[in-house]
Amino acid sequence: MAEEKLLEVKNLKKYFNLRSGFFSRKSAGTVKAIDNISFYIKKGETFGLVGESGCGKSTTVRVILRLINATAGEVRYKSVDLFNLKKREMFNVRREIQIIFQDPYASLSPRMTIGDIISEPMEIHGIGDKTSRIKRVKELLKVVGLNPEHVNRYPHMFSGGQRQRVGVARALALTPSIILCDEPVSALDVSVQAQILNLMANLQKEFNLTYLFIAHDLSVVKHVSNRVGVMYLGKIVEVAKSGELYKNPLHPYTMGLLSAVPIPDPEKERQRKRIILQGDVPSPINPPSGCRFHPRCPNAQEICSIKEPQLKNYSEDAEEHLAACFFAGKPI
Amino acid sequence: MECAAGDKILEVKNLKTYFYTDDGVVKAVDGVSFDLNCMETLGIVGETGSGKSVTALSILRLIPQPPGKIVEGEIIFDNKNVLDMSIKELQNFRGDRVSMIFQDPMTSLNPVFTIGNQLTEAITSHRSLNKKAAREESYKLLEMVGIPDIKRRFNSYPHEFSGGMRQRVMIAMAIANSPDILIADEPTTALDVTIQAQILELMDELKQKTRSSIIIITHDLGVVAKYADRIMVMYAGKPVEFSDIDTIFYKPCHPYTLGLMRSITRLDEEKKDTLKPIEGNPPSLIDLPDGCVFCVRCEYAISKCKHKYPPFSEVEKGHNVACFRADKFLSGILSRNL
């Protein structure tokens, strides 16, 4: 069965120029938020993109949707180069690529009823008429586990978890093929996270959806993803099947990251050998030379500060396991 | 104050802190009791609105009055009730005997003063040291918390530090006077996971060095799994379960604790098809139901639960639960399915 690459990102770069003052034209440096990343997402899968703050994962989502302009590289959706589309063509493509945001309090307009919020995408794209849209909104509310009778209520009347369900309903309104999820459960309580994750999994099966799932919580990403990419300071350092990444990490940053995640099991925590990565994440304005991770890497050698390692496949079977490290697989 | 292992150093009895708002009375903390032993780490665990932060703020009497009020209870420290202390006694108590690390270091540090200034203030407010001596003390503290380039950093402003470094500064301020109790309110929630690991390790090391006890408040069960000795689980302002860490994780007797343990994603487990969430949402603290606060979401509820509030009582030594069915879990009649 040919695995269709629904979304493909190639050599993507996004640099932000900093001015040295509000009115100044002098440059104070460049933030290399995304610095040459490539990955693809297969139809029907969930691709997790994980990394800590400043690694560029949220910027990636915005650049894919052209909410901000890329500095270089390309994004192909169903093999079509998105950056070369005219405004109207991109507008049509946006029906198929939707987004769920992190903050359920900031991503819903407080002045619109949830009914209006969910039907807005349909109105913008001229789908149906008022009656059919209301019908669809009520269906969507049921699908996400909310009461259709509440269609005229305002967001402030709902809890965080319920608001996030509204966000999900809004993303489904245009029956998209792929949904970009930017930390969709990070702002929610633990007992509610599970509800939303289950909902998203059920919807994926029912509507044959593909997800790009961005998060900093590794346990959540592991649970939802088929494949996972690890980002560090604007670069992708490792890509593997979800189970494989956690069982057999090859990049030292991934190893340190996994080791840092607390496991809610006292007995296991007592037995666990923890590797604590020293130092802070450096600034993306002045990234380290060579391999960006080398200043914090316990395995770093001279070559690491001179040359930048590229992603290479270390897997012997059909499914790739990529890592960008001259000493991939060496334990830290 | 040197304490001996097993000594009780803090006792909270039936604490009630309410907020009087235009929409009604918010019963943020409604009858919390627990104790803290010498050199122990106590975890207070709960979700948004559970009352865990308000509990911590009440211990230090940092509740804004109005609209808040500590309406009932006792907080016994060193044979005195904190709630009866005079302003002078409180000033000696806060920052010296008991100190606090707040959740978001960016908003807890004053942006217009250098961290050196803020750190020496924490010291000189409680001890009479001259400027030079206070500075030397500060350097020692910054070293203890792992800040590099100490002399330069002493003269830097909070915005010049990363999140992890700011939190280290907050910890330095909190341990400056070797407190008996350190209260950490979600100390690592705003930090990346690799930095979180550093900060938690640091706090654990410092606990040994300064011989303090720690109360750590968090919603992250992974964090307490490694560091806590005992845990109190809170829900909607009420204590629901209190015991040692192994009991809470492996043999809980309250449906909420059980629900939490079942619903969390775990790094070390094989992918499960579905998680077992707790259905429904936490209640509004203004409009609490009669009977058990958790009843509506509870799969084990019986008719009694709707009308009567289950008392927080000891079901076995060192294990308190607020549930009418706790004994059924204890005896195994009701299965935990963990």
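User: How many bridges join strand S1 of chain A to strand S4 of chain A, and do they run parallel or antiparallel?

Analyst: Five bridges join S1(A), residues 5-19, to S4(A), residues 72-77, and the two run antiparallel; Lys13(A) stands opposite Ala72(A) in S4(A). Two strands pair here if DSSP finds at least two bridges between them, while strands (E, at least two residues) and helices (H or I, at least four) are DSSP runs numbered from the N terminus. This is a predicted model, in which local features need pLDDT of at least 70 and side-chain atom pairs count only at pLDDT 80 or more, whereas totals for chains, interfaces and linings use all residues. Residues are numbered from 1 along each chain as its sequence is written, and chains are lettered from A and ligands numbered from 1 in the order in which they are written.

User: And what joins S4(A) to S5(A)?

Analyst: Two bridges join S4(A) to S5(A), residues 80-81, in an antiparallel pairing, with Tyr77(A) opposite Val80(A). The hairpin of these strands has two residues between them, and Lys78(A) takes a positive phi near 50° there.

User: Which strands stand at the edges of the eight-stranded sheet, then?

Analyst: The open sheet has the order S6-S7-S8-S3-S9-S10-S12-S11 in chain A, with mixed pairing. S6(A), 97-100, and S11(A), 312-313, stand at the edges with a single partner strand each, so one side of each is left without a neighbour in the sheet. S11(A) is joined by two bridges to S12(A), residues 322-323, running antiparallel, and Asn313(A) stands opposite Leu322(A).

User: Switching to helices, how do H3(A) and H5(A) cross?

Analyst: The axes of H3(A), residues 114-124, and H5(A) come within 7 Å and cross at roughly 30°, where axes are lines fitted to C-alpha atoms, for helices over the stretch in contact, and angles run from 0 to 180 degrees between N-to-C directions. The two helices are therefore roughly parallel to each other, a label for angles under 35 degrees.

User: Which residues make that contact?

Analyst: Ile114(A), Ile117(A), Ile118(A) and Pro121(A) of H3(A) meet Val166(A), Ala169(A) and Arg170(A) of H5(A), contact being defined by C-beta atoms, placed from the backbone, that lie within 7 Å.

User: Last topic: how many residues does each chain bring to the contact between A and B?

Analyst: Chain A brings 37 residues and chain B brings 36. On the side of chain A that touches chain B, H6(A) gives the most, with seven residues.

Technical notes: Two residues are in contact if their C-beta atoms, placed from the backbone, lie within 7 Å. Angles under 35 degrees count as roughly parallel, over 145 as roughly antiparallel, 65 to 115 as roughly perpendicular and the rest as oblique.
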